[in-house]
Amino acid sequence: MSGEKMRIAVDGVGGDRAPGEVIKASVDACEKYDTEIILLGPKELLEREMLNYGDVSNISIENASQIVSMDEKPTNVLHDFKDSAFFKGAELVKEGKADAFVSAGNTGAMLAVSTFVIGRIKGVERPAIATVVPSIKGDVIIIDAGANVTCKPSHLLQFALMGKIYAKNILSIEKPGIGLLSNGEEREKGTSLVKEAYTMISEKMPDDFYGNVEGRDIGIGTVDVVVTDGFSGNVVLKTMEGTAKLFNSTLKKTVMDSSFTTKIGALLMRKVFAELKKRFDYREYGGSFLVGVNGISVIAHGSSDALAIRNAIRIAMRGVEMDLVGKIKEGLEKEK
């Protein structure tokens, strides 16, 4: 890629706020990151929206006539939506015509198409969603955050290995600590899945494995990578999002209902509150890597606005720059 701009394929019609916010994000990304964007979706629709921005030389449009709804079943997408942005984006990555693919659309469809079109990295049993969340000590990776509702112990071991590689190469954590999500820190706690995975991870990664961690350890930052099945990981993620909204709403209401003196104090601390809000804003994290597929595939939140999509593009570029796929291949090969 020396001397060439990075090419990011973006689902122009994926997500609750598409295509307007997606196109705004793409224009912003071209200006801020000096990259090329390939917008995917019905060509006439995207061209009409692009008229609001004039001539943007670093954005091209590739027609994908079918739009996949957020509630469409992944199996239906695989069989009946071959001319969708999901298929076009995955094919561009597989063929080397795009360096990464970003979508805020149907998560299940993104997972299914990325897995079957781009393909899995050799040896990977199940790709997983790796999501970064804030903690007291810094960023924490939750893996899996929703791709695999049911898992085997060997899957959790691979999630731990891939999470470690992600933490080292993308978050620049020199020696990431790995924790296994359970209902208690004692080794004998947890389901049969957790107990078997504990044994496998502790034997394979003795220098990195902290042991069991509880939900509260995520916010505390006890470890850098929290390993779990996709069902539990997604519940944790959505609970954290809801708690952040509750905190912000309660804080705002408390200030508005308080005395004049308190309101003055809150006004003086507005910068502090703004930084706090930003720290817990999912839009700042952009999107989540689908690790284990043989290419960079980034899943953004379905309600993403332009800021979130732009940051998802930034995250995708980071994955390409740091050769995340290559590092995962290398790391899994060493662990054989």
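Reply: One may begin with Pro19, which lies in the loop between strand E1 (7-11) and helix H1. Please bear in mind that the model is a predicted one.

Me: What makes the peptide bond from Ala18 to Pro19 cis?

Reply: Its omega is near 0°, and the bond is accordingly given as cis. A cis peptide bond also joins Ile143 and Asp144, where omega is about 20°. Asp144 is in the loop between strand E6 (139-143) and H6.

Me: What is noted about the phi of Ser172?

Reply: Ser172 is not a glycine, although its phi is positive, at about 60°. This residue sits in the loop that runs between H6 and strand E7 (178-181).

Me: Which residues of H1 and H12 meet?

Reply: From H1, the residues are Glu21, Val22, Lys24, Ala25, Ser26, Asp28, Ala29, Lys32 and Tyr33; from H12, they are Ala306, Ile309, Arg310, Asn311, Ile313, Arg314 and Met317. Sorted by class, this contact has eight nonpolar, two polar and six charged residues.

Me: How do you know that H6 is oblique to H13?

Reply: The axes of helix H6 (residues 153-169) and H13 cross at roughly 130° and come within 10 Å. Roughly perpendicular ends at 115 degrees and roughly antiparallel applies over 145. The angle of the two axes therefore makes H6 oblique to H13. Their crossing is right-handed.

Me: What makes up the contact of H6 with H13?

Reply: Leu161, Met162, Ile165, Tyr166 and Asn169 of H6 meet Leu324, Lys327, Ile328, Gly331 and Leu332 of H13. By class, seven of these residues are nonpolar, two are polar and one is charged.

Me: At what angle do H4 and H5 pack, and which residues make the contact?

Reply: The angle between helix H4 (residues 85-94) and helix H5 (residues 107-118) is about 35°, and their axes lie 9 Å apart. H4 contributes Phe86, Phe87, Ala90, Glu91, Val93 and Lys94, while H5 contributes Ala109, Met110, Val113, Val117 and Ile118. The contact of H4 with H5 has nine nonpolar, no polar and two charged residues. H4 and H5 cross in a right-handed manner.

Me: How many cavities of 30 Å³ or more does the structure hold?

Reply: There is one cavity of 30 Å³ or more. The space in the largest cavity is about 50 Å³.

Me: What lines the largest cavity, and which elements give two or more residues to the lining?

Reply: The lining consists of Phe289, Leu290, Val291, Gly292, Val293, Gly295, Ile296, Ser297, Leu324, Val325 and Ile328. Strand E10 (287-291), strand E11 (296-300) and helix H13 (324-334) are the elements that give two or more residues to it.

Me: How is the lining of the largest cavity divided by class?

Reply: Eight of the lining residues are nonpolar, three are polar and none is charged. Gly counts as polar in this division. Leu324 and Ile328 of the lining are also among the residues of H13 that meet H6.

Note on methods: Residues are numbered from 1 along each chain as its sequence is written. This is a predicted model: local features need pLDDT of at least 70, side-chain atom pairs count only at pLDDT 80 or more; totals for chains, interfaces and linings use all residues. Side-chain values use heavy atoms; hydrogens and water are left out. Contact means heavy atoms within 4.5 Å. Helices (H or I, at least four residues) and strands (E, at least two) are DSSP runs, numbered from the N terminus. On a 1 Å grid over the protein atoms alone, a cavity is a set of points where a 1.4 Å probe fits but cannot get out, and a pocket is an open set with protein on both sides within 12 Å along at least five of seven lines; lining residues have an atom within 4 Å of a point. Grid points are joined across faces, edges and corners, and a volume is the space filled by probe spheres set on the points. Axes are lines fitted to C-alpha atoms, for helices over the stretch in contact, and angles run from 0 to 180 degrees between N-to-C directions. Angles under 35 degrees count as roughly parallel, over 145 as roughly antiparallel, 65 to 115 as roughly perpendicular and the rest as oblique. A crossing is left-handed if the near helix is turned anticlockwise from the far one by less than a right angle, and right-handed if clockwise.
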